[in-house]
Amino acid sequence: MKFLFVFSLLFITSFQLNAQKILFKSKDYTAFSNKVVQGDYEAIAKSPQEIISSYKSNYEELISNEIDFKFSINGLDNERDHGQDHHLIIGTKNGSYTSPVYLFGQNDPLSATGNKKIGKLTSDVTLILRVDMRNVLNDFKTKGYYETYDSNKIYEKDFKGVYVVGGTPPLTWDFSSLPGNREFKMTDVGDGIYEIKIQIDHIQKPGARKEKWLKWKLSKDITHYPSYHSPDVLVDALYNHALEEMTLNLRPDGAFMAGAKWTGVWTRDISYSIFLSLAMVNPDASKTSLMAKVKNDRIIQDTGTGGAWPVSSDRLVWAIAAWEVYLTTGDKKWLTSSYKIIKNSADDDLNTVYDKATGLFKGESSFLDWREQTYPRWMDPKDIYSSENLGTNAVHYKALIILSDMAKILGKPSRPYLEVAQKVRKNINKLLWLKNKNYYGQYLYGRNYFSLSPKSEALGEGLSVLFGIPSKVNAKKIIEKAPITNFGITCIYPQTPNIPPYHNNAIWPFVESYWAWASAKEENVKSVNFALASVYRAASLFMTNKENMVASTGDYLGTEINSDRQLWSIAGNLALIYRVIFGIKLNPNSLELHPFIPKEYSGVRTLSNFKYRNSILSITINGFGNNIKSFILDGKEISGNKINADLIGKHKIILNMNNQMESKSYVNLVKNYFSPETPIVKLSDNTLEWSPVSDAIGYKIYKNGKELSGTAHNEFTIGDDKKYSDYQVMAIGKNRTQSFLSEPLSVYPNKEKIIIQAEEGNKEVQNIFPGYSGKGYVALDKNLYPNQIVKLFIDVPSDGLYAIDFRYANGNGPINTDNKCAIRTLKIDNEIAGPIIMPQRGVDNWTDWGFTNSIIAKLSKGRHEVQIIFTHSDNNMNVETNSALLDYIRLIMIT
């Protein structure tokens, strides 16, 4: 009896000591073995099946009485130039306030701000905003159209209404949400005056809950999935919680949904999730999910900027997920079918997205697909298509390596894909590496000349390390030098000003998990500890695997949109066990184990019921460290750290660690700085001019993508250029952060430009939609004209390098979503010169004309034949609708 008492006492004491074990501590929060404490809040794991949390969001904002806003015709950003917002200081007498009348497109009336004091609203207010639209309506009557500040024409028959956007809730700066949204549509009250009534709450805060504790208790059967047990009850509970949330994300058709708010299956969400961990947890649902994103034996690029692919071009992440499913299951039938899909998709990408001049792929940042969040405002979808991004190229590199490996296994030609992959790796390191920062820049961007954005991009940096793109030396530097903020690594750094948190000023747990995995690969224990704690803090306090959080506060409220049980956050949580703690690496013929266990997580841990090919594994790890002292398989010590893929049945693995960890590791913990605003530059008499940028201490002048000079003033004389030049300006902030480069301002002699009307010598000429130049335009439509070839002849006055683009209209969809980007191929003298990308410009907006991407071609003096054709690789994601209106071709000699 006495023995039992002593044993029980020792057991309880041991449990209590372990419960107080600190896993991670910072000035903001502490993670213990059984709980997380942040200020007055804590989340406690009462057992591996139960968590309680007292966390309440502190998101609460006293609203300023000064509001910034713009008016909008048809829901587009067309009233005034970027940064030229209206301002109003609100009074709150009797709980309501009526604004003075603003004149559309003009400066604020003096009474809008006057001598009023800026402060906080003291009570809720009903605001009536008023705008005078008579100048617009009169132009409709007299000219048939209204010309906007940027010389675009809005025709009377296309006028659909007046809207308001702004930064004070409930207003939003999201122009894309305006069409069809009556909440922000203004009403004509007579005499051309439009009004809208807006209810503004003086305090913005989440709804309060009465109970102190949020509670989770395991209620789903998760016994058929791998189980995990360790001395850290909090980690065990979060693992079980993630498995349960994963089961809740299974749809009736067997595929994974994206999250609690998103029932759809999305290519990049499922692919990044499957690669992280879900291929190992549920390969059948992974297969079903992947096949839901296939059409015409090609990977579907989800709806996105400008009409999806090829503006968004990261769909080959599907290949990485499909390969992981094969490595887990060894399913040769799956390998064969997925190889065909990946090959077809990669071949189309090589024709339409691959840039032979740089050896990189074009297109939007992988997963960062809300363009305003991570790109300068001047970049429209064709500019984003032309950019070349780190994360997207890391995906293409790995997918091409995988395609080559698949081809070898299937006895098919593999060398061509491997060669392109090697070029991509070489040029990522050549063109995207920032020597002064020791990590990669986010993307190359510009028009005819390109510069490297110095922002870091967390997912791209992490994927590059995992895929072996940098040298071993540089990989370690990336983990040590990439900026990390108090609550984790931000999607981009520094942040962009005046853009609400989502990708900007935000931390995404799935990105943090990739960062943890990459940090473990490079044996940086400090970075691993930081990343583990970041994920565990959020999952436990929030009581769900949220999609994102605000970087500056660590709170889930305050981002533009968020969701519970987000699939890739769930997958990232599980990956911390599989990929980091156990270090599972799957190969075509084996499974390797590379455990990376910080000393804080020392102890005995077991992963059981882990299914690999035709075996079921129970893996126990003793101790901590990053090197295996002994590897015991079924009671026998073996050399190495892997098991063969042909293993059958149940097996027990015991790993004894060396109980050593390199202590000299570093992370670059930084303040969450914001860059300055992007200058808006105009040319006046050979002088670049721009308004002073707030908090800027100076400016850099760029010419043709290279730094030319610097100035402390807001003007710069460029002289009289005799040849084509692109000029841009960058603002430098007080903390040495850099703004985006301004929109390229092209300066060239007029004689260097050639315009050829599309209707010259072509049959399909129309003039239904106004705004074209010349006599009309050519309708491009693969359904109406299946064998259509638009043929033009150009007389080039002298030898040179020419930038060739096209003026077009595409009203098949909005600028930010859908899948009807029009695509054609340009041939010059019967040789393919490149793809012509014509992104969507607005729903049924066929009078909004813009320019395509530029194709750079070397032309000799004399006559050249130009053809615009449709090829098999020009199919967009919609397939059925692939049309645009072609106004003219423009050639500008650039050298």
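Which side chain makes a polar contact with the side chain of Ser-366? Asp-314 does, at 2.8 Å, where a polar contact is a pair of N or O atoms within 3.5 Å; within protein, one must be able to donate a hydrogen and the other to accept it, and residues adjacent in sequence count only if both atoms are side-chain atoms.

Hi everyone, a word on the model. It is predicted, so local features need pLDDT of at least 70 and side-chain atom pairs count only at pLDDT 80 or more, while totals for chains, interfaces and linings use all residues. Residues are numbered from 1 along each chain as its sequence is written, and side-chain values use heavy atoms, with hydrogens and water left out.

Back to Ser-366, in the loop between strand E22 (360-361) and helix H8 (371-374); helices (H or I, at least four residues) and strands (E, at least two) are DSSP runs, numbered from the N terminus. Ser-366 has a relative accessible area of 0%, so we call it buried, meaning under 20% with a 1.4 Å probe, protein chains only. Beyond four places in sequence, its contacts (heavy atoms within 4.5 Å) include Tyr-272, Asn-389 and Leu-459.

A polar atom of its side chain lies 2.7 Å from the backbone oxygen of Gly-460. Among the residues Ser-464 touches, leaving out those up to four places away, are Leu-390, Tyr-440 and Pro-470.

Lastly, there is an open, antiparallel sheet of three strands, ordered E23-E26-E27. Strands E23 (388-389) and E27 (450-452) each have a single partner strand, so one side of each lacks a neighbour in the sheet. Thanks, everyone!

Terms used: Buried < 20%, exposed > 50% of the residue type's maximum accessible area, 1.4 Å probe, protein only. Pairing = 2+ DSSP bridges.
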